[in-house]
Amino acid sequence: MKKQQAILEKDKKKESSEEVVLELQDLNKSFDDNHVLKHFSMKLYKGENLVVMGKSGSGKSVMIKCLVGLMEADSGKIIVMHHDITSLNQESLDILRADIGFLFQGSALYDSMTVRENLEFPLRHHYKKLGKNVNTETLVIEALKNVGLAHTLDLMPAELSGGMQRRVALARTLILQPKIILYDEPTSGLDPITAKEIIILMQDIQKKYNTSSLIITHDVDCARVIADRMILLIDGTNYAEGTFEELSASKDPKVKAFFKQ
Amino acid sequence: MEIGELTYFTIRFFKEVFRRPYEFKEFLRQCYSIGNRSLLLVGITGFIIGLVLTLQTRPTLMEFGAVSWMPSMVGISIVREIGPMITALVCAGKIGSGIGAELGSMRVTEQIDAMEVSGTNPFKYLVVTRVMATTLMIPLLVIFGDAIALYGSYLVEHLKGDVSFALYFNQVFDSLEFGDIVPATVKSFFFGLAIGLVGCFKGYYCKKGTAGVGIAANSAVVFTSLLLFIIDFIAVFVADIFYDL
Ligand SMILES: Nc1ncnc2c1ncn2[C@@H]1O[C@H](COP(=O)(O)OP(=O)(O)O)[C@@H](O)[C@H]1O
Ligand SMILES: [Mg+2]
């Protein structure tokens, strides 16, 4: 019975996963002589958790920043929900960005604002997306409840632990109910137990809102738990692609280097 | 050097100042914070300068039997030159470096990126508000500093020469002309603009790492101070042409 359900669910996923929500084609980016990304391509399907793994300094953050237009790629195509973001003007780009959540590597909470103000900040520009008669107060509290931190409403970020900061950052990312979430090293700088809590939270969110997630990490344990599919970013290119099991069984020495304990 | 980039930054500022939405609340918050942070410092330096200037020039004026000219002399030199310059230098150290460090650390910890992806233009929200605030607040602080410095000077005259408050300030205001006050005020606006622009520029384009934040704060002060002297020179030059014709 359980097995059947699992198969059914897998079929369901396949069906919905035909839609590509985010695509990179032949992306190049260099800083002077430092060629960080060389012909990098990938696709993110609807509803999946895609993990991109790479060593530190391999250009993961650069890639994800090109995706939302925080950095300009030298060449290549970036298509987010059927829009080529390099051809969009500022206004349309902002509208598109409301559908993309971005969790930054170091949480990036505004440290001169309270938790409440941090969460209200994205609503300043995008309140239209959620409808005119929406109550920011309830939205903020609901978002904080989602990450189990409703009591921190009026604290400053500096008064929170690293794990709590990451969760508040996650709540801030979720407040606009994005369709795609980009995680830049969601577990970096956290102890293993807190990291696990964050991963569980990410899974809950994915189930609850059926988002598509691109997760960037160098943490194998994180990848094992959360990845539907994985891409290895080595030497600036999409070096290998597959499920966790496939990649961890690979004979290629460069791939193996990621998985040996 | 960086002159080109700073010029581009300045042009961008003037382009975005007039564009909606105006971040009025953040602008007021910055004004308050600038005033709050520097009022005491400007007051103390102003007071000491007024005191010292009077004490130092007293013997010389005495020699020529011209002590009665003290209020005019001190008044003119403080309002024209010393007040704006000292206040601006103090604020470059206090406000300019503070802005450089604040925006620098926001850049390094990706807070500026986070703002951008959440649909708020960080240049407008952070830079325009701060530059506007310094441009408005520095002239006000200069007036405040001038007043305190003159009061310091008056105290010396009162104690040593038994000059009354009314007499002292009557003489000060009698000797001050339009040609002293207008250029000094205009100059102060430019001082404020320079402090805000350089501090924001250094912070906004801060290099990665904690060292980057230190460099941003430090170079903001150094660069601003140099710029203040250059602006002062130009201002005196221009004022000279205007009022001598
Ligand atoms: N703004 C920048 N200017 C110059 N070089 C950069 C910049 N951002 C990143 N790099 C370089 O790009 C490379 C990849 O950086 P990054 O994407 O941050 O690595 P990671 O995979 O650890 O996230 C590094 O060598 C870094 O030095
Ligand atoms: Mg990174």
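**View 1. B:D232 sits in helix 8 of chain B.** Helices here are DSSP runs of H or I with at least four residues, strands are runs of E with at least two, and both are numbered from the N terminus. The model is predicted: local features need pLDDT of at least 70, side-chain atom pairs count only at pLDDT 80 or more, and totals for chains, interfaces and linings use all residues. Residues are numbered from 1 along each chain as its sequence is written, chains are lettered from A and ligands numbered from 1 in the order in which they are written, and side-chain values use heavy atoms, without hydrogens and water. B:D232 is buried, with a relative accessible area of 9%. Buried means under 20% relative accessible area, exposed means over 50%, and partly exposed lies in between (1.4 Å probe, protein chains only). Leaving aside neighbours within four places in sequence, B:D232 is in contact with B:E81, B:M85, B:K187 and B:F191. Contact means heavy atoms within 4.5 Å.

**View 2. A nonpolar surface patch of about 960 Å² includes B:F242.** Patch residues have over 30% relative accessible area and no salt bridge; like charges are joined within 9 Å, and nonpolar side chains (Val, Leu, Ile, Met, Phe, Trp, Tyr) within 5 Å. A salt bridge is a side-chain nitrogen of Lys or Arg within 4 Å of a carboxyl oxygen of Asp or Glu. Areas come from the Shrake-Rupley method with a 1.4 Å probe. B:F242 lies in helix 8 (residues 210-244) of chain B. B:F242 is exposed, with a relative accessible area of 62%.

**View 3. Six strands of chain A form an open, mixed sheet in the order 6-7-8-3-9-10.** Strand 6 (100-103) and strand 10 are the edges, each pairing on one side only. Neighbouring strands are turned by 20 degrees against each other on average, direction ignored. Two strands pair if DSSP finds at least two bridges between them. Strand 3 of chain A runs parallel to strand 8 (residues 212-217), joined by 5 bridges. In strand 8, A:I215 is the bridge partner of A:V51. Helix 6 (residues 162-174) of chain A packs on this sheet, touching strand 6 and strand 7 (180-184). The direction of helix 6 makes about 165 degrees with that of strand 6. Axes are lines fitted to C-alpha atoms, for helices over the stretch in contact; angles run from 0 to 180 degrees between N-to-C directions.

**View 4. Strand 9 (residues 229-234) of chain A is mostly covered, with 6 of its 6 residues buried.** A:R229, A:I231 and A:L233 lie on one side, A:M230, A:L232 and A:I234 on the other. Strand 3 (residues 49-53) runs parallel to strand 9 of chain A, with 4 bridges. A:R229 is the bridge partner of A:L50. Strand 10 (residues 237-242) runs antiparallel to strand 9 of chain A, with 5 bridges. A:E241 of strand 10 stands opposite A:I231. The hairpin of strands 9 and 10 of chain A has 2 residues between the strands, and A:D235 takes a positive phi near 55 degrees.

**View 5. A second open sheet of chain A has 4 strands in the order 2-1-4-5, with antiparallel pairing.** Strand 2 (34-45) and strand 5 (83-84) of chain A each have a single partner strand, so one side of each is left without a neighbour in the sheet. Strand 4 (residues 75-80) joins strand 5 of chain A through 2 bridges. A:V80 has A:H83 as its bridge partner. Helix 2 (residues 60-67) of chain A packs on the sheet, touching strand 1 (20-31), strand 2 and strand 4. The direction of helix 2 makes about 120 degrees with that of strand 1 of chain A.
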